[in-house]
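Please work through the exercises below with the sequence and the model at hand. Each task is followed by a solution in steps.

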Amino acid sequence: MTTMTEDPWANLKRFTDARIGLGRSGAAMPTREVLNFALSHAMARDAVTTPIDWTPIEKGLSALGLSTLRIASAAGDRSEYLRRPDLGRRLSDASREALVRASEIEAAKPDLVILVGDGLSSLGVAANTLAYMSAFMPYVVKAGWKLSPVLLADDSRVALGDEAGEILGGKAVLVLIGERPGLSSPDSLGVYLTFSPRVGIKDADRNCISNIRQRGLSYDEGTFKTAWLLREAFRRGLTGVNLKDESQFLIEGEPGPELIG
Amino acid sequence: MYRVHAGGTTYAFSSLKELLAKATPHRSGDVLAGVAATSAAENVAAKMALADVPLKQFLNEAIIPYEDDDVTRLIIDTHDAVAFAPVAHMTVGEFRDWLLSESATPQKVSALSPGLTPEMVAAVSKIMRNQDLVLGAKKAHVITKFRNTIGLPGHMAVRLQPNHPTDDKKGIAASIVDGLMYGCGDAVIGINPASDNLTAITDLLLMMDDIIRRFEIPTQSCVLTHVTTTIDAIAKGAPVDLVFQSIGGTEGVNSSFGVTLAHLKEGREAALSIKRGTVGDNCMYFETGQGSALSADAHHGCDQQTIEARAYAVARQFKPLLVNTVVGFIGPEYLYNGKEIIRAGLEDHFCGKLLGLPMGCDICYTNHAEADQDDMDILLMMLGAAGVNFIMGIPGADDIMLNYQSTSFHDALYVREALGLKRAPEFEAWLARIGVTDTTGHLAPHASGNPLLTHAQALAA
């Protein structure tokens, strides 16, 4: 026999992912709900603290014909990374030198620098990077965009791409980064596009596509938006608040600015 | 120059601003800003020096120049010397001793608030332990009214926060029913919208107004959007109860929120003009939080707790119904772990109450902070004991739109059970009338005549 009080409106759960209709044990949550919550939080915590294993991502990108280069921010470890976002936005000295050397080897400047960063969810990067890149590469090939080696960055914030992109001389930088995990979405990937990357650029000068994951924004939709923004960024010479994502007009079959312009 | 000899060393602090920063209990945001004490001993030495500073000195030495900042001007221009007189001769340390003494009655403490500046209360908080922050705040009763009465001693209200990532109306309605059935929603039913579009905002206002009127709930609603959007909504005839705005403690941080003191005045006047309050006219809802000024690069080299207290000087000009410090939302670069979040929540509640504000607290954390629900249990219990006016109520403590964890409807039941705290009286009577609670305020067994249950069945159909 249960001593728990059930909530007769639990059938409203189908309208929301919010934790409604949980029932109660006196004033407290029932045992199963306390433990469900604890598991969700544990997964989100693990997503933040678990170091990323780049090896499978390197192999997968290699299969897509992409070379890679591992770099790191100036943050010494995960704890410092969380306390000092300023260090996560700067390259370590060794990585800066490695990028300078890489830029000297290449004859032509890349159109696009792609940086994959662990950010706040190594789980989000591990779960989504290869699927996203597989869906994105056909756009790259079709447009003929020249890519630099894909940078795989430890302890990174979004703005780390600004310094890396500037050193490599990219026309734009695309940062794929693990987003701050939510309790119900510990594995989300965010994509940030910045035209003419350079140190000190403002967040208002970027475009962002958020919540890319299996149960969120699909890889097809995410890469479609990315490619649309990238074409527009190259055409208009900017990213940020003055470049509104109007790609939905294309999805919905109406003429978008790209077709007009 | 402020000097102190401590532990065989002489410490010197060049300004009140530096002294306040170095006396602050350790937190990551002050380290990030480069204003924190560089050793544990220097931190205590600064507290010792601060304890000897006369309160009057705070009227002579602005931490951000009068000419540079409209919040400083507001603080200086509205200072009430008559209210200040009873403590005008005290140092910061003597003020702490007085506040905690039997002679500081709730009446005397409450009467003092127009005479206190944010920097004075921030200073005294820095030399207080957590338990001092509880007992000090408990003496400052701040009662506000709109459609019910919030802040009575022995009472605690709850904001029902039914957020949904796409503002889906059925999803929001489901969370509202859940919260009301758990006896929450007396502070406000308040939605953080995903969209800032005026039509979408108006739809949410109409939906909540419909629920409040249909079930005759003695509470108020709010859509937490920018003040200028709410002013537009009022002009278009939308049913706005409370005007919301995030605010901070410098002109620069308010500017980063796109808001001026004139906007806030205009917002309040717009809400007053439609006279929707029934038992009172406190119609503003403000949110604040330590670290916002540093985040906006508008902190002027001050510590984040002192700047936070200055935000309350802005709030008190507008006679709010609710002021909410969203303490752990900003992230670990400002408040690193449970210890820092707990301390900051107690400081904010204390400082706000002493300045005469109806303080509530979003007892919360993000998943990249070193904190969990056990830390929130501690802060909730301490704020409940300190007489917090209201807390958040979120289904299962999990906000699926803002992606952070706060307090649940169950947590409100817990703290009521543990401390005997009651709901706003009008709301408590309503809950008993429709059968959600029994006559003692405890949740009653679910009965078929409850109109909310009927509503839930209709929603599901």
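This is a predicted model: local features need pLDDT of at least 70, side-chain atom pairs count only at pLDDT 80 or more; totals for chains, interfaces and linings use all residues.

Residues are numbered from 1 along each chain as its sequence is written, while chains are lettered from A and ligands numbered from 1 in the order in which they are written.

**Exercise 1. Two helix pairs**

Determine how α5(B) and α17(B) are oriented to each other, and do likewise for α18(B) and α19(B).

Solution. Helices (H or I, at least four residues) and strands (E, at least two) are DSSP runs, numbered from the N terminus. Axes are lines fitted to C-alpha atoms, for helices over the stretch in contact, with angles from 0 to 180 degrees between N-to-C directions.

Step 1. Helix α5 (residues 70–77) and helix α17 (residues 304–316), both of chain B, pack at about 65° with axes 10 Å apart. Angles under 35 degrees count as roughly parallel, over 145 as roughly antiparallel, 65 to 115 as roughly perpendicular and the rest as oblique. The pair α5(B) and α17(B) is therefore roughly perpendicular.

Step 2. In this pair, V71(B), L74(B) and I75(B) of α5(B) meet R310(B), A313(B) and V314(B) of α17(B); contact requires C-beta atoms, placed from the backbone, within 7 Å. The residues of this contact are five nonpolar, no polar and one charged. Here Ala, Val, Leu, Ile, Met, Phe, Trp, Tyr, Cys and Pro count as nonpolar, Asp, Glu, Lys and Arg as charged, and the others, Gly among them, as polar.

Step 3. The axes of α18(B) and α19(B) come within 9 Å and cross at roughly 20°, so these two helices are roughly parallel. Their contact has eight nonpolar, three polar and one charged residues.

**Exercise 2. Burial in a helix**

Which residues of helix α10 of chain B are buried, and what covers them?

Solution. A residue is buried if 20 or more other C-beta atoms lie within 10 Å of its own, exposed if 12 or fewer, and partly exposed in between, with C-beta atoms placed from the backbone.

Step 1. Within α10 (residues 130–138) of chain B, the buried residues include L133(B), V134(B), G136(B) and A137(B).

Step 2. Their cover includes α7 (92–100), α9 (118–126), α18 (338–354) and α19 (373–386) of chain B.

Step 3. For contrast, consider V141(A), in helix α6 (residues 122–143) of chain A. V141(A) counts as exposed because it has 10 C-beta neighbours inside 10 Å.

**Exercise 3. Positive phi**

Locate A397(B) and N403(B), and decide whether each is buried or exposed.

Solution. Step 1. A397(B), which is not a glycine, has a positive phi near 70°. A397(B) lies in the loop between β12 (390–393) and β13 (398–399) of chain B, and it is buried because 24 C-beta neighbours fall inside 10 Å.

Step 1. N403(B), also a residue other than glycine, has a positive phi of about 55°. Its place is the loop between β13 and β14 (404–405) of chain B. With 20 other C-beta atoms within 10 Å, N403(B) is buried.

Definitions and conventions
Two residues are in contact if their C-beta atoms, placed from the backbone, lie within 7 Å.
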